[in-house]
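Biologist: I have a model open here and would like to go through it with you. Can we start with the pockets?

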Amino acid sequence: MVDNITSDTLAVAVLGTGIMGAAMTRNLARAGLDVRAWNRTRAKAEPLAADGVRVTDTPGEAVDGADVVLTMLLDGPAALDAVRQAAPRLAPGTLWLQMGTVGPAALEPLVRFAAEQDLRFVDAPVLGTKAPAEKGQLIVLAAGAPELRERADTVFDIVGGRTQWVGDDAAGGAASRLKLVVNSWVLTIIGGTGETLALAKGLGVDPREFLEAIAGGSLDMPYLRMKSDLLLSGDLAPSFTVSAARKDARLIGEAGQSSGVRMDLAAATAERFRRAEAQGHGDEDGIAAYFASFDD
């Protein structure tokens with residue numbers, strides 16, 4: 001294990017280059033790090049080569065010689081599968097930054113595998129969508145041993161604008177639990193915005209009249225405006241897809257159930273995302289759950 005790595009020499013392998021992972025990978029490369037990347041669908045990672053990223057065919061090729069492995073995959077099983085594939089070429093002491101939204105229930109097998117492979121594990125899901133990811137302004141919610149923070153912060157300071165350390169033990173799930181709490185609020189806004197605009201349509205109300213009515217008051221908020229603008233403009237290019245939102249809503253519901261909390265809004269929102277996905281909107285921005293208010 002290398003203890004004193006500088007940003008000039010740090011080798012980082014990114015496993016998962018979707019909407020968020022690609023932006024994070026690009027920023028790491030532009031900061032001068034030695035970056036290699038793998039994605040299940042290689043074509044999605046290929047554009048990163050223009051930024052100096054070495055795109056690989058397998059997770060093992062990506063992690064070979066890496067000081068840090070960053071996973072930004074859909075869920076816990078996907079992250080575990082990728083790192084398991086890479087295991088034969090992972091050096092003992094490699095720092096594993098788990099930065100996807102996997103939920104606390106999925107952490108246990110990840111932490112156990114890290115221990116079996118002698119990897120240093122930090123749970124660090126991020127807050128933010130495509131635009132902040134591209135600007136390196138994500139908020140990182142991190143939990144991990146204090147002695148890992150200096151190395152981890154070398155990466156976090158590039159992909160994020162702020163890091164909030166919430167625990168000294170990744171296995172305790174503090175970071176992933178906080179992420180679900182935040183995402184519960186995010187999905188409530190997305191679902192409520194879509195349903196409100198759908199009601200406006202049904203009642204023959206111009207949605208812009210609704211936005212004008214709340215403008216500047218305590219009911220107004222930037223995220224509502226941003227999501228409304230996407231829908232009203234017809235530009236549903238995703239920053240956070242319907243399918244990803246459905247997955248997060250499921251994790252939130254499961255977490256609530258396991259902790260004895262009834263999550264009525266989460267259940268309803270999850271059903272809206274499910275219907276929108278079934279209608280073919282899975283790869284569109286989450287605000288496309290609006291269409292779940294109407295029959296096909």
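Biologist: Which residues lie nearest the centre of the largest pocket?
Modeller: Bear in mind that this is a predicted model. Ile-19, Met-20, Leu-74, Phe-240 and Ala-244 lie nearest the centre.

Biologist: What volume does the largest pocket have?
Modeller: The volume of the largest pocket is about 1200 Å³.

Biologist: How many of its lining residues are nonpolar, polar and charged?
Modeller: For the largest pocket, 23 are nonpolar, 14 polar and 10 charged.

Biologist: Next one down. How much space lies in the second largest pocket?
Modeller: The second largest pocket holds about 380 Å³. There are 22 residues in its lining, and Pro-104, Leu-180, Leu-251, Ala-255 and Gly-256 are the ones nearest the centre.

Biologist: Which elements give two or more residues to the lining of the second largest pocket?
Modeller: Helix H4 (76-86), H8 and H11. H11 has the largest share of this lining, with 7 residues. By class, the lining of the second largest pocket divides into 12 nonpolar, 6 polar and 4 charged residues.

Biologist: What about closed spaces? How many cavities of 30 Å³ or more turn up in the whole structure?
Modeller: The search finds 1. About 40 Å³ of space lies in the largest cavity.

Biologist: Which residues line the largest cavity?
Modeller: Ser-184, Leu-187, Thr-188, Ala-249, Ile-252, Ala-266 and Thr-269. H8, H11 and helix H12 (264-281) each supply at least two residues of that lining, and H8 gives the most, with 3 residues. As for class, the lining of the largest cavity has 4 nonpolar and 3 polar residues, with no charged ones.

Biologist: What is Asn-183 in contact with, leaving aside its neighbours within four places in sequence?
Modeller: Asn-183 is in contact with Thr-101, Asp-248 and Ile-252 on that basis. Ile-252 is also one of the residues lining the largest cavity.

Biologist: Change of topic: the nonpolar core. How many residues has the largest one?
Modeller: The largest nonpolar core has 36 residues. Val-12, Leu-28, Leu-70, Leu-97, Met-99 and Phe-156 have the most contacts inside it. Several elements each supply at least two residues of this core: strand E1 (11-15), helix H1 (19-30), strand E2 (34-38), strand E4 (68-71), strand E5 (95-98), strand E8 (138-143) and helix H7 (149-159).

Biologist: Which of them gives the most to this core?
Modeller: H1 does, with 6 residues.

Biologist: Pick Leu-97. What does Leu-97 touch, not counting residues up to four places away in sequence?
Modeller: Leu-97 touches Val-68, Val-69, Leu-70, Thr-71, Val-122, Ala-152, Val-155 and Phe-156. There is also a second, separate core of 27 residues, which includes Leu-180, Ile-189, Leu-251 and Ala-292. Of those, Leu-180 and Leu-251 are among the residues nearest the centre of the second largest pocket.

Biologist: Now Val-111. Where does Val-111 lie?
Modeller: In helix H5, residues 107-116. Val-111 has a relative accessible area of 22%, so Val-111 is partly exposed.

Biologist: What does Val-111 touch, again not counting residues up to four places away in sequence?
Modeller: Val-111 touches Phe-121 and Ala-171. The C-alpha atoms of Val-111 and Ala-171 are separated by 6.2 Å, although these residues are 60 apart along the chain.

Biologist: Last topic, the overall fold. How many helices and strands are there in the protein?
Modeller: The protein has 12 helices and 9 strands. Its radius of gyration is 20 Å, close to the 19 Å that the globule rule gives for 296 residues, so the protein is as compact as a globular protein of that length.

Biologist: And what does the C-alpha trace span along its principal axes?
Modeller: About 65 × 45 × 35 Å. Buried residues make up 51% of the 296 residues. Among contacts between residues at least 6 apart in sequence, 66% join residues at least 24 apart.

Key
Residues are numbered from 1 along each chain as its sequence is written. This is a predicted model: local features need pLDDT of at least 70, side-chain atom pairs count only at pLDDT 80 or more; totals for chains, interfaces and linings use all residues. Side-chain values use heavy atoms; hydrogens and water are left out. A nonpolar core is a set of buried Ala, Val, Leu, Ile, Met, Phe, Trp, Tyr and Cys residues joined through side-chain atoms within 4.5 Å. Buried means under 20% relative accessible area, exposed over 50%, partly exposed in between (1.4 Å probe, protein chains only). Helices (H or I, at least four residues) and strands (E, at least two) are DSSP runs, numbered from the N terminus. Contact means heavy atoms within 4.5 Å. On a 1 Å grid over the protein atoms alone, a cavity is a set of points where a 1.4 Å probe fits but cannot get out, and a pocket is an open set with protein on both sides within 12 Å along at least five of seven lines; lining residues have an atom within 4 Å of a point. Grid points are joined across faces, edges and corners, and a volume is the space filled by probe spheres set on the points. Ala, Val, Leu, Ile, Met, Phe, Trp, Tyr, Cys and Pro count as nonpolar, Asp, Glu, Lys and Arg as charged, and the others, Gly among them, as polar. The radius of gyration is taken over C-alpha atoms; the globule rule is 2.2 Å times the number of residues to the power 0.38.
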